[in-house]
Amino acid sequence: MFSGYSMSELGAIFAMQGFAGLILFSVFVLMALGLAIIFGQMGVINMAHGEFMILGAYVTYLVSNLFAAYAPGLFGAYFFVAMILAFCASGLLGMAMEWAIIRHLYKRPLDTLLATWGLSLILQQTYRSVFGAREVGVTIPDWMMGSLPVTDLIEVPINGLFVMVLALAISAAVYIMMFRSGWGRQVRAVTQNRTMAGAVGIDTERTDRLTFGIGCGVAGIAGAAFTMIGSTGPTSGQAYIVDTFLVVVFGGAASLLGTIASAFSISQAQSILEFFLSGSMAKVITLLAVVGILMLRPQGLFAMKLRK
Amino acid sequence: MTRSSLFRRDEAAGLAILALILFVVFPLMLDDFRLNLFGKYLTYAFVAIGLVLCWGAGGILSLGQGVFFGLGGYCMAMFLKLEASTPEATAIQSTPGIPDFMDWNQITALPLWWEPFHNFGFTLLAILAVPALFAFVIGFAMFRRRVGGVYFAIITQAIAAIATILIIGQQGYTGGVNGITDLRTLLGWDIRPDSAKVALYFVNAVLIFVCLFVAMAIRKSKFGRVLVAMRDAEDRVRFSGYDVASFKIFVFCVGAMMASIGGAMFTLQVGFMSPTIVGIVPSIEMVIFCAVGGRHSLLGAVYGALLVNWAKTTFSESFPELWLFGLGALFIAVVMAFPNGLAGLFDDYVKPRLAWPGRGRRARADNPQPAE
């Protein structure tokens, strides 16, 4: 496996694959954060999570086209506008869905799963009708093109770096919201004991709706970031849903830190294996390992200690 | 109800009506092409019956039934492919006597694990044993550790994803994304002409009834009662001294075997097997067949599979854009508006008007509301 490579080349390979893994890690983290809020905190299985992400990607696509047409001078900054709009669009759609469907099903998690799957099919077909079946890509602003040479063998693409920084920033923001804000305290109170939370005066319905909306909004930001490194099609979201759920479950559903740790290990394993095996086998081995570990340790890497 | 009678009167009537539809009405009303299509839909009904046992009775929702369907289908397809790949028929290949897709992928000898599939008896055994074994391993690992509900659903879905990626990636051994195609004869009997398809339709219909009888027997037995009790109050059953995990493993294996039989019949009826039938999307569609028919009703599962697939064909033919909207709406509607599916609607609106002497109340008592 290692024959034919010199030590320095091997080092460079690991560094480059490691960096490719870090980009994958950032995508996983961005996608999984929204899910960690919705699934980890609320216990709701949202199979349409990928479609909320794709909505963010399509919003970014629209915004980039608008900027290119009407404000070419500001094109370099369109992404930040797009990100905010993507958050709002996905978040609002999420809150609408929570109101229309999910709030009726909190006591039937398996049924939520099926209903949100139906929702994802409807959203996919909507995207296909509106944007066409072909994948669309956005024009990356100039400052994000190109790569930074680290050594003569190792180069780091700037758009990847940007997505990583974004993932870190969003994780920090989610952490602060969950653990340092009044809203976060309410969310955690409602998840841990709904009745008591209601009894002390927390509007549990409003908290649920807001939580779901923010989770979906974070997915929208993930979608916006996604356009920087890949193109978007109506079914792109579905391709990620299994990975994302595994990331969240593997990390230990209720633990934000666990989600990040598991996103890191899964993405690194996959991208380093990818160099030595075919892409599909790398994926198979990674997923099998995750499923295997979950069978042995169903509570995931970082389990919350609680009495059942 | 006396203990000696095999079925209640309304159950017997339901079975008779289904038999009438499958054996008389469809063959008389439909041309060979449509009948073949309904044969294909029937193969999905096997999965749906298995799901009624797992999900409706046991409360175990598997999103990986496509894997078991595929295992059965691939076992059958491997046997048929080997039969079609005689040295004479494949003389133009660089290695005659192996399946054509292996030759295209520069494989020069038949892999060892393909060898036993020359034998029809082994193939039939494998169709039942391989998925059961696989389901046992999954079930043993998960249910012993008391993993259930949504976690189980997610893990089985991941397994469906892995299976698809693996089949597509190992093109030389599995035929890749195209699957195993160009199947010709079963023990010398040509499965391609219309007459063979019609015959296979009837085989399917008979096997459906076999599975229905087995499933009904399971549900009527003490085992079935424990299963329902477990779904509604797992801890109480555990504290009463029952080994909950074993019950779950068993019913999951039965569901897997039924799906596998369906898969094997699918290969025969349709003439190919491909990874597109194994993955996440088809697996979750199989759940909707069961949900539309009514997750607690075995007969409903058959109607659900037929109806949803028929709707899929009809809509995809005339309004391809609308089908996904329709299917999505169906998922939402079946959960929000009528969680007991067609069978629930039948019980609520039709049955009271039929006035079975002395029925009605008991029928409702046998169909408890799900408590999740």
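With a relative accessibility of 26%, B:Arg34 counts as partly exposed, a class that lies between buried (under 20% relative accessible area) and exposed (over 50%), as computed with a 1.4 Å probe on protein chains only. The model is predicted, so local features need pLDDT of at least 70 and side-chain atom pairs count only at pLDDT 80 or more, while totals for chains, interfaces and linings use all residues. Residues are numbered from 1 along each chain as its sequence is written, chains are lettered from A in the order in which they are written, and side-chain values use heavy atoms, with hydrogens and water left out.

B:Arg34 has a salt-bridge partner in B:Glu317, with 3.3 Å between the closest N and O atoms; a salt bridge here is a side-chain nitrogen of Lys or Arg within 4 Å of a carboxyl oxygen of Asp or Glu. Because B:Arg34 belongs to helix α2 (residues 32–57) of chain B and B:Glu317 to helix α13 (residues 298–318) of chain B, the pair ties together parts 283 residues apart in sequence. Helices are DSSP runs of H or I with at least four residues, numbered from the N terminus.

Over all chains, the whole structure holds 16 salt bridges. Another of them joins the side chains of B:Glu11 and B:Lys220, at 2.6 Å from N to O. B:Glu11 sits in helix α1 (residues 9–29) of chain B and B:Lys220 in helix α8 (residues 194–220) of chain B, so this pair links parts that are 209 residues apart in sequence. B:Glu11 is buried at 17% relative accessibility, whereas B:Lys220 is partly exposed at 33%.

A further salt bridge brings together B:Lys248 and B:Glu234 (3.1 Å, N to O). Here helix α11 (residues 244–270) of chain B supplies B:Lys248 and helix α10 (residues 234–239) of chain B supplies B:Glu234, so the parts tied together are 14 residues apart in sequence. Salt bridges with shared partners connect B:Glu234, B:Asp235, B:Arg238 and B:Lys248 in one network. Within it, B:Lys248 is buried, at 9% relative accessibility, and B:Glu234 is partly exposed, at 26%.

Turning to the two chains together, helix α4 (residues 109–131) of chain A packs against helix α6 (residues 149–169) of chain B at about 45 degrees, with the axes 8 Å apart. The contact (heavy atoms within 4.5 Å) involves A:Pro109, A:Leu110, A:Leu113 and A:Trp117 from α4(A), and B:Gly149, B:Val150, B:Ala153 and B:Gln157 from α6(B).

Terms used
Axes fitted to C-alpha atoms, helices over the stretch in contact; angles between N-to-C directions.
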